[in-house]
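Please look through the sequence and the model below.

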Amino acid sequence: FYDRSWLMEKTLKTVFKNLVEGALLVSLVLYIFLSNMRATLAVVAVIPLSLLATFMGLKFMGVPANLLSLGAMDFGIIVDGAVIVVENIMHRLSERGEGMSDKERKALIIEATNEVGRPTVFSMLIIIVAHVPIFTLQRHEGRIFSPMAWTVCAALIGSLILSLTVVPLACSTFLRKVPHDDNAVVRFCKQYYARVLDWALGRRMLVVSL
């Protein structure tokens with residue numbers, strides 16, 4: 001007989017290891033660029049909740065959770081919407097400064113979320129629509145690639161809902177002190193990016209040709 005138990009065990013360990021490493025790496029990068037532990041945790045919280053939404057979606061569609069489906073999880077894309085919302089909230093809070101009442105803080109956070117809500121929705125929809133052709137695949141290619149498409153779509157829908165609901169609530173509750181200036185990493189990147197941008201804008205035809 002053909003015993004596949006060792007293969008299934010190895011596959012599940014690989015999936016779990018990759019998910020944990022991916023989540024930790026994304027969390028580290030978020031902290032480096034946000035330089036605020038509470039803001040980072042507000043974004044990182046989207047990862048396990050999006051995974052929960054993914055499992056719910058896979059269960060609803062009858063798709064098994066295995067290497068073909070969960071191997072496509074990209075936490076960088078999943079937290080993208082939450083990063084945009086948190087960054088804009090931090091920006092608006094730093095502009096306003098201290099001394100706001102709780103009512104004013106909540107109103108400002110809602111306003112900041114609404115500002116980026118529409119582009120966040122459209123950016124997620126573009127990624128979801130890009131996976132639609134995969135659902136038309138048949139036979140072997142359909143069995144191989146459709147679980148990946150279902151996983152990505154379920155995760156993105158879950159993260160989109162969380163980014164526009166749970167993340168602003170977390171910011172309103174926990175994000176009290178916000179730095180007024182960019183951190184050292186962002187300042188370093190902006191310094192060189194500004195030079196490259198000035199060079200490119202001064203040589204438009206060359207850049208377009210390249």
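Zero disulfides turn up in a search of the whole structure, which is a predicted model. A disulfide is a covalent bond between the sulfur atoms of two cysteines. C153 has a relative accessible area of 7% and therefore counts as buried, since the limit is under 20%. C171 is also buried, at 1% relative accessibility.

In soluble globular proteins, nonpolar side chains tend to be buried together. In this model the largest nonpolar core has 36 residues, and the members that touch the most others are M73, F75, I89 and L175. At least two residues of this core come from each of α1 (5-34), α2 (37-44), α3 (46-61), α5 (75-78), α6, α7 (102-130) and α8. Another core, of nine residues, lies apart from it; M124, I134, M148 and A149 are among its members.

What does F75 touch, once its neighbours within four places in sequence are left aside? The contacts of F75 are L19, G22, A23, V26, I47 and L51.

Helix α6 (residues 80-96) packs against helix α8 (residues 139-174), and α6 also packs against α7. The table gives the geometry of each pair.

| Helix pair | Angle | Axes apart | Crossing |
|---|---|---|---|
| α6 and α8 | about 40 degrees | 10 Å | right-handed |
| α6 and α7 | about 145 degrees | 9 Å | right-handed |

In the pair α6 and α8, the contact is made by G81, A82, V85, V86 and I89 on the α6 side, and by S163, L164, V167, P168 and C171 on the α8 side. By class, this contact has eight nonpolar residues, two polar residues and no charged ones. C171, which takes part in the contact, is the buried cysteine described above. I89, also in the contact, is one of the residues with the most partners in the largest core.

In the pair α6 and α7, the α6 side consists of G81, I84, V85, N88, I89, R92, L93 and R96. These residues meet E104, R105, L108, I109, E111, A112, T113, E115, V116, T120 and M124 of α7. The contact of α6 with α7 divides into nine nonpolar, four polar and six charged residues.

R139, in helix α8, has a positive phi of about 55 degrees although it is not a glycine. Is R139 buried or exposed? R139 counts as exposed because its relative accessibility is 68%, and the limit is over 50%.

Note on methods: Residues numbered from 1 in each chain as written. Predicted model: local features only at pLDDT ≥ 70, side-chain atom pairs only at ≥ 80, totals over all residues. Heavy atoms only, no water. Axes fitted to C-alpha atoms, helices over the stretch in contact; angles between N-to-C directions. Helix = DSSP H or I, 4+ residues; strand = E, 2+ residues; numbered from the N terminus. Left-handed = near helix turned anticlockwise from the far one by under 90°. Contact = heavy atoms within 4.5 Å. Nonpolar A, V, L, I, M, F, W, Y, C, P; charged D, E, K, R; others polar. Buried < 20%, exposed > 50% of the residue type's maximum accessible area, 1.4 Å probe, protein only. Disulfide = S-S within 2.5 Å. Core = buried A, V, L, I, M, F, W, Y, C linked by side-chain atoms within 4.5 Å.
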